[in-house]
Amino acid sequence: AYDIRSRYTPQVKDQANTGGCWAFSTTTVLETIMNIKYGENYLFSTRHIEYASTRGFSNGMVNEYGYNRPPGTGGDYQMAASYLANGRGPVLESAMPFENNQDVINISQINKPVLFDVNNIALDIGTGGVACTAAERNKIKEYVYNYGAVAASTYMKISNDYYNSSTGAYFYNGKEPINHAITIIGWDDNYS
């Protein structure tokens, strides 16, 4: 068993009614890595990732770095990696605070100071929606232990069939496609 909170406690965040789970997972990974590796405490803007990865804005303005997706329609790790790799972020939460909406905004609102360049992004696509193999679980554990949180995807449907409200545990081992991003901060092999 290992819990990253023995070294650093990530802020618990709520995506509310937005489709920004992927942005929340990405920012938590960055925040955790920055704290564990460099001792720096940051809170990064999920709203900025969401909008800087969007193409269309008010008055017909176009973000050349964005994807053809309206805000709030979801995203993925490739979009998050692109956002970071092309130097569009990360920016501080205080520069573009979270709002519980996906309103179309003016493109000038995404012009924010970027804190630093992200030079190394590890993407491992994994099993593509099938349960992790033992080797993949071990790779995740190694990464969490050595570097910090890991972003992952799962199928999420709050149901008593999958969610144990007394322990807060969620387990789905079916074949539905992934629809939610999460952040892994530890494990317990003996948890049931």
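I looked up the buried residues of helix α4 and found E136, K141 and V144; buried means under 20% relative accessible area, exposed over 50%, with a 1.4 Å probe and protein chains only. They cover an arc of only 140 degrees around the axis, so they sit on the same side of α4; the arc is taken from the directions from the helix axis to the C-beta atoms.

The model is predicted: local features need pLDDT of at least 70, side-chain atom pairs count only at pLDDT 80 or more, and totals for chains, interfaces and linings use all residues. I numbered residues from 1 along each chain as its sequence is written, and side-chain values use heavy atoms, without hydrogens and water.

I then checked the other face of α4, turned away from the buried side, and it carries the exposed residues A135 and E142. The buried residues pack against β1 (2-3), β2 (150-154), β5 (180-184) and β6 (186-187). Helices (H or I, at least four residues) and strands (E, at least two) are DSSP runs, numbered from the N terminus. After α4 comes G148, with a positive phi near 145 degrees.

Next I looked for nonpolar cores, meaning sets of buried Ala, Val, Leu, Ile, Met, Phe, Trp, Tyr and Cys residues joined through side-chain atoms within 4.5 Å. The largest has 17 residues, and W22 and Y83 have the most contacts inside it. Two or more of its residues come from each of α1 (21-38), α2 (46-52) and α3 (77-85). Apart from this core lies another, of eight residues, including I4, Y8, I36 and A152.

Terms used: Contact means heavy atoms within 4.5 Å.
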